[in-house]
Amino acid sequence: MERLRSSPLHANISAALDKHLEAIRVAQSCRKDEIVNASNHQRQGAPRGQDSRDVLALAMAVKEMGVTTRKARTELWCALQMTLPK
């Protein structure tokens with residue numbers, strides 16, 4: 001879009017995309033932690049119950065990812081509108 005406009009986009013657009021990427025990475029990390037902890041509990045013969053801390057951390061990460069997804073979509077829509085010819 002920057003190439004089409006021949007000028008840089010607003011800094012908020014880049015910031016929203018960076019926050020969205022960070023939220024994705026946090027959610028991936030929480031999911032990996034949950035998988036590792038679940039497999040460790042299974043090896044030790046512990047009951048199948050999930051560790052609530054892992055599940056809550058993942059739920060919060062997914063919630064934050066949803067928020068940042070909506071913001072990134074809005075920012076990208078604004079960038080598209082600024083890019084389109086009038």
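Guide: We start with a rule. A salt bridge is a side-chain nitrogen of Lys or Arg within 4 Å of a carboxyl oxygen of Asp or Glu. Keep in mind that this is a predicted model.

Visitor: How many salt bridges does the rule give here?
Guide: The count comes to 1 salt bridge. Glu34 pairs with Arg31, and their closest N and O atoms are 2.8 Å apart.

Visitor: Where do Glu34 and Arg31 lie?
Guide: Both are in helix H2, which covers residues 11–43. They are 3 residues apart, about one turn of the helix.

Visitor: Is Glu34 buried or exposed?
Guide: Buried means under 20% relative accessible area, and exposed means over 50%. Glu34 has a relative accessible area of 10%, so Glu34 is buried.

Visitor: How much of the protein is buried?
Guide: Buried residues make up 19% of the 86 residues. The accessible surface comes to about 6900 Å². Carbon and sulfur atoms account for 57% of that surface.

Visitor: Let us step back to the fold. How many helices and strands are there?
Guide: There are 3 helices and 0 strands. Along the sequence, the pattern reads α-α-α. Helix H1 covers residues 2–5, and helix H3 covers residues 52–83.

Visitor: How should I read the confidence of the prediction?
Guide: Look at pLDDT, the predictor's confidence in each residue, from 0 to 100. Where pLDDT is low, the predicted coordinates should not be read in detail. In this protein the mean is 86, and 88% of the residues reach 70 or more.

Visitor: Which elements have the lowest and the highest mean pLDDT?
Guide: Helix H1 has the lowest, at 70. Helix H3 has the highest, at 93.

Visitor: What can I learn from contacts along the sequence?
Guide: Ask how far apart the partners are in the chain. Take the contacts with a separation of 6 or more: 81% of them join residues 24 or more positions apart.

Visitor: Which residues does Ile13 touch?
Guide: Leave out residues up to four places away in sequence, and Ile13 touches Glu75, Ala79 and Met82. Ile13 sits in helix H2. Its relative accessible area is 5%, so Ile13 is buried. Now try distances between C-alpha atoms. Ile13 and Ala72 are 59 residues apart in sequence, yet 7.4 Å apart in space.

Visitor: What does Ala16 touch, by the count that skips residues up to four places away?
Guide: Ala16 touches Ala72 and Glu75. Ala16 is also found in helix H2. With a relative accessible area of 12%, Ala16 is buried.

Visitor: Now helix H3. Is Thr68 buried or exposed?
Guide: Thr68 is at 6% relative accessibility, so Thr68 counts as buried. Its place is in helix H3. A polar atom of its side chain lies 3.0 Å from the backbone oxygen of Met65. Beyond four places in sequence, Thr68 touches Lys19, His20 and Ala23.

Visitor: How far is Val67 from Ala23?
Guide: Their C-alpha atoms are separated by 9.2 Å, and the two are 44 residues apart along the chain. Val67 lies in helix H3. Its relative accessible area is 26%, so Val67 is partly exposed.

Visitor: And where is Ala59?
Guide: Ala59 is in helix H3 too. At 42% relative accessibility, Ala59 counts as partly exposed. Ala59 and Ala27 are 32 residues apart along the chain, with C-alpha atoms 8.6 Å apart.

Visitor: Last, the surface. Which residues make the nonpolar patch?
Guide: Met1, Leu17, Leu76, Leu80 and Leu84 make a nonpolar patch of about 380 Å². Take Leu80 as one member. Leu80 lies in helix H3. Leu80 counts as partly exposed because its relative accessibility is 37%.

Definitions and conventions: Residues numbered from 1 in each chain as written. Predicted model: local features only at pLDDT ≥ 70, side-chain atom pairs only at ≥ 80, totals over all residues. Heavy atoms only, no water. Patch = residues over 30% accessible without salt bridge, like charges linked within 9 Å, V, L, I, M, F, W, Y side chains within 5 Å. Areas by Shrake-Rupley, 256 points an atom, 1.4 Å probe, with all protein chains shown as cover. Helix = DSSP H or I, 4+ residues; strand = E, 2+ residues; numbered from the N terminus. Buried < 20%, exposed > 50% of the residue type's maximum accessible area, 1.4 Å probe, protein only. Polar contact = N/O pair within 3.5 Å; in protein donor to acceptor, adjacent residues only side chain to side chain. Contact = heavy atoms within 4.5 Å.
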